[in-house]
Amino acid sequence: MVYQVRSLGLHGVEGYEVRVECDLSGGLPAFDLVGLPDAAVKEARERVRAAVKNCGFTFPVSRITVNLAPAARKKAGTVYDLPILVGILCAGGQLSCRTEEAAFVGELSLSGALRPVAGMLPMAACAKRLGIKELYVPADSAAEATLIQGLTVYPVPDVAALARHLTGEEPISPAAPWRPGDTCPAGPDFSEVKGQENVKRALEIAAAGGHNLCMVGPPGSGKSMLARRLPSILPDMTEAEALEATEIHSVVGLTSKDQPLLLQRPFRAPHHTVSPMGMAGGGANPRPGEISLAHNGVLFLDELPEFHKDVLEVLRQPMEDGVVTLSRASGSVSYPARFMLVCAMNPCKCGWYGHPSGRCRCTEAAVEKYQGRVSGPLMDRIDLHVEVPPVEFDELSRAAPAESSADIRKRVNAARAIQTARFGPNGPSCNARMGRRELEQYCALDDGCQAMMKGAFTRLGLTARSHDRILRVARTIADLDSSEAIQAPHLAEALQYRSSRYLVP
């Protein structure tokens with residue numbers, strides 16, 4: 001007898017339907033799994049066999065063939081344990097259930113208990129698209145599945161409880177939709193930062209418009225400290241943005257039953273020894289990399305020139321397109337990668353080039369070589385280049401607290417609200433994502449600003465890309481000033497962020 005059970009799989013960060021077909025036939029006892037299973041899927045045979053016996057059922061003494069359809073797509077992971085078990089028991093007549101409108105997902109322990117699985121959120125979203133009404137998942141993964149509205153999610157603790165539910169003996173109560181608490185974890189605050197008002201202003205502009213930013217300065221000037229306080233002023237995520245970011249974190253197993261949804265924008269800070277695969281994603285079973293985990297958030301690269309050149313060049317295409325596509329012999333997969341790039345670096349190898357103390361001993365050639373580790377095309381994609389000077393003693397000893405992150409965030413949210421109203425629900429999410437049509441419509445310059453831009457274009461040796469990025473930054477500064485049009489002070493401030501004495505734009 002052949003019995004079909006609906007289940008779900010993952011390709012990249014997208015879910016797809018898998019039909020688990022179980023056939024029990026005569027012949028020598030055997031248990032075969034087909035449908036391009038990987039090692040983890042093949043090992044389901046032993047987990048299912050032990051779980052069936054330890055939960056009081058009889059494992060069929062027959063030839064068992066399980067096909068995971070579509071058979072041409074490679075299956076990976078442990079999510080098929082539960083549907084294989086349900087299919088075998090139903091095919092053998094030990095269990096009876098209606099499975100056309102239900103799907104089963106879960107990893108089995110040898111005792112029959114269910115363990116949580118990675119990627120529950122995108123699989124639940126796929127189940128809704130497929131018209132599935134009931135979703136049976138491990139109890140610890142239920143909260144994540146309830147984030148998708150319109151599904152009845154059953155939290156299954158073990159196989160015995162599932163069997164009692166399917167026979168009607170003891171129904172499992174559907175999981176209640178997960179709701180976040182009233183409080184969010186507090187992080188580092190800008191009120192703790194002494195001085196560096198010009199850098200705080202640049203970070204505020206970057207947060208308001210979603211712009212890339214690079215900070216250059218000597219050791220101990222506060223570059224890393226300022227960058228790690230950036231999440232405290234980032235604008236609130238929309239529901240769609242939160243679900244998009246959570247799906248990626250779910251696929252790599254970074255969500256939990258207590259916190260199944262990202263409530264704050266991601267902040268990823270990989271070490272400079274990260275590999276190109278770790279940054280962009282990939283592997284035998286492809287997984288998202290750091291740039292995808294930073295989707296709708298911040299990717300912070302400290303000590304930028306210390307990163308390997310191949311790693312940095314990986315960033316160029318995703319910074320423009322907002323997506324990274326990995327092509328391998330086995331196929332291709334795409335991951336979203338729309339992030340803010342925030343970098344910090346020293347001006348030279350020793351770090352003291354340009355410092356008032358004059359303690360730098362690097363030659364001009366050594367300084368050029370160190371700064372040349374970061375390619376011109378990458379730097380051209382960074383909107384704001386900011387110098388971080390050493391903090392003076394008077395600023396460090398000042399007792400008065402600085403402006404708090406909450407106050408800065410109010411201005412950032414107000415600027416983002418202006419952008420949302422301007423572009424509409426189907427337009428760019430922020431000024432940094434404006435295309436050519438939006439630039440022409442919302443970044444028009446008057447004659448005075450046009451003359452200023454023309455002079456800067458020639459004097460600074462700007463490219464067409466940097467020209468457009470300056471306009472986007474000027475538009476954000478105007479939004480922070482609640483100005484309908486870009487005025488000369490807005491454009492002048494945007495231009496100063498492309499004229500660092502350390503880096504040629």
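A residue is called buried under 20% relative accessible area, exposed over 50% and partly exposed in between, with a 1.4 Å probe and protein chains only. The structure is a predicted model, in which local features need pLDDT of at least 70 and side-chain atom pairs count only at pLDDT 80 or more, while totals for chains, interfaces and linings use all residues. Residues are numbered from 1 along each chain as its sequence is written, and side-chain values use heavy atoms, with hydrogens and water left out.

Salt bridges make a friendly place to start. Side chains of opposite charge can pair when their charged atoms come close. Here a salt bridge is a side-chain nitrogen of Lys or Arg within 4 Å of a carboxyl oxygen of Asp or Glu, and the count by this rule is 31. One of them joins the side chains of D81 and R47, with an N to O distance of 2.6 Å. Because D81 belongs to helix α3 (residues 81-91) and R47 to helix α2 (residues 44-54), this pair ties together parts 34 residues apart in sequence; helices (H or I, at least four residues) and strands (E, at least two) are DSSP runs, numbered from the N terminus. Both D81 and R47 are buried.

A further salt bridge is formed by the side chains of D236 and R409, at 2.5 Å from N to O. This pair links distant parts of the chain, 173 residues apart: D236 sits in the loop between α8 (223-228) and α9 (239-251), and R409 in helix α17 (residues 405-423). D236 is partly exposed, at a relative accessible area of 43%, and R409 is partly exposed as well, at 29%.

E403 and R411 also form a salt bridge, their closest N and O atoms being 2.6 Å apart. E403 is partly exposed at 36% relative accessibility, and R411 is partly exposed at 33%. Elsewhere, a network of salt bridges links E320, D380, R381, D383, R465, R469 and R498.

Turning to the strands, two of them pair if DSSP finds at least two bridges between them. An open sheet of 5 strands, with parallel pairing, runs in the order β11-β14-β17-β10-β18. Its edge strands, β11 (267-268) and β18 (384-387), each pair on one side only. Within the sheet, β10 (residues 213-216) and β17 (residues 340-345) pair in the parallel sense over 4 bridges, and M215 stands opposite A344 in β17.
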